[in-house]
Amino acid sequence: MIDKQSPIPIYFQIEELIKKQIADGILKPGEALPSEREFADMYGISRMTVRQGINNLVQQKKLYREKGRGTFVSWPKIEQPLSKMTSFTEDMKSRNMEPGSKLLSFKTTKADEPIAKVLAVEEGTPIYAIKRVRLADELPIALERTYIACELAPHLTADTLNHSLYSYFERTCGYSISDAEQTIAAVLADEEDARWLTVPAGSPLLAIRRQTRLEDNRVLEAVYSHYRGDRYHFVTKMVR
Ligand code: 16G
């Protein structure tokens, strides 16, 4: 509720009220906010005051505006620690989000020179080339291209790829995934990224390359992913 007698500025009270409604799930990500006029009428305050509160939340990226459409609740950013090696499925589950995959292509091909190098196999070795969109609560988060030497998973099927790959490797194949080397860089969405990640072409993305190894030192996968920059950020703890 808004307390007009309070020394706390009304625009700030509006900010807190909207933030609480977001935290309580009354206002959900992607949902439109009532108009400034509706807010003003609801609480008997001026539109200018409502606008000031909303502007502050837009600046804090809690809300976003779309020209001609209104003001909407932003999606919270997914925070991923860089200290532990996890799968996409584990990442989403630990945040109470439903992980999902949309398999775009699954082919057997021959490793070209750069992929062969990362997978530590001879050029021309049969490999799987997999393209998946990874989803969190049905929203696209990443476009993932995965390369795996066929001999490591001769029975891999398209159906498996709709579920967790790491779980398949560990539970079905009995492999011990040991560690990974990962690089992160900034890129702009091309047409294909834009289509699958439902962002405008040219949007900022995080390009992540991962080379994953098994305990016996064989390379399990080479993965090239594009994560939505507005949905994901990485957190790392450092000691000095
Ligand atoms: C993550 C990994 C990817 C791995 C996938 C397995 C990054 C950048 N990449 O997306 O290398 O293949 O998890 O996920 O974190 P899954 O077990 O859910 O299929």
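A residue counts as buried when its relative accessible area is under 20% and as exposed when that area is over 50%, with partly exposed in between. By this criterion R228, at 6% relative accessibility, is buried in this predicted model. The model also holds a ligand, which sits in the largest cavity and has 16 residues around it.

**The ligand and its surroundings**

- Among the 16 residues around the ligand, those that come nearest are T89, E144, S164, L165 and E221.
- For T89, a polar atom of the side chain lies 2.4 Å from an oxygen atom of the ligand, while the side chain of R132 has an N or O atom 2.9 Å from a ligand oxygen, and the side chain of R134 likewise places an N or O atom 2.9 Å from an oxygen atom of the ligand.
- Taken alone, the ligand exposes 450 Å², and the protein buries 100% of that area.

**Composition of the shell**

- At least two residues of the shell around the ligand are supplied by each of α4 (88-93), β5 (126-136), α6 (165-172), β8 (204-214) and β9 (219-228).
- Strand β9 gives the largest share of that shell, with three residues.

**R228 in strand β9**

- Where in the fold is R228 placed? R228 belongs to strand β9, the strand from which the largest share of the shell around the ligand comes.
- R228 counts as buried because its relative accessibility is 6%, and the cut-off for that class is under 20%.
- The side chain of R228 reaches the backbone oxygen of L197 at 2.9 Å, and a polar contact of 3.4 Å joins the side chain of R228 to that of T198.

**Positive phi values in two loop residues**

- K61, a residue other than glycine, has a positive phi, near 65°, and K61 lies in the loop between α3 (47-59) and β1 (63-66).
- With a relative accessibility of 66%, K61 counts as exposed, since the exposed class begins over 50%.
- E138, which is also a residue other than glycine, has a positive phi near 70°, and its place is in the loop between β5 and β6 (139-149).
- Is E138 buried or exposed? E138 is exposed, because its relative accessible area is 71%.

- Although K107 and A158 are 51 residues apart in sequence, their C-alpha atoms are 9.6 Å apart in space.
- F12 is found in helix α1 (residues 10-23), and F12 counts as partly exposed because its relative accessibility is 35%, a class that falls between the buried and exposed limits.
- Between F12 and N56 the separation is 44 residues in sequence and 8.8 Å in space, taken from C-alpha to C-alpha.

Conventions: Residues are numbered from 1 along each chain as its sequence is written. This is a predicted model: local features need pLDDT of at least 70, side-chain atom pairs count only at pLDDT 80 or more; totals for chains, interfaces and linings use all residues. Side-chain values use heavy atoms; hydrogens and water are left out. A residue is near a molecule or strand if one of its heavy atoms lies within 4 Å of it. A polar contact is a pair of N or O atoms within 3.5 Å; within protein, one must be able to donate a hydrogen and the other to accept it, and residues adjacent in sequence count only if both atoms are side-chain atoms. Accessible areas come from the Shrake-Rupley method with a 1.4 Å probe; for residues, only the protein chains shown count as cover. On a 1 Å grid over the protein atoms alone, a cavity is a set of points where a 1.4 Å probe fits but cannot get out, and a pocket is an open set with protein on both sides within 12 Å along at least five of seven lines; lining residues have an atom within 4 Å of a point. A molecule sits in a cavity or pocket if more than half of its atoms lie within 2 Å of its grid points. Helices (H or I, at least four residues) and strands (E, at least two) are DSSP runs, numbered from the N terminus. Buried means under 20% relative accessible area, exposed over 50%, partly exposed in between (1.4 Å probe, protein chains only).
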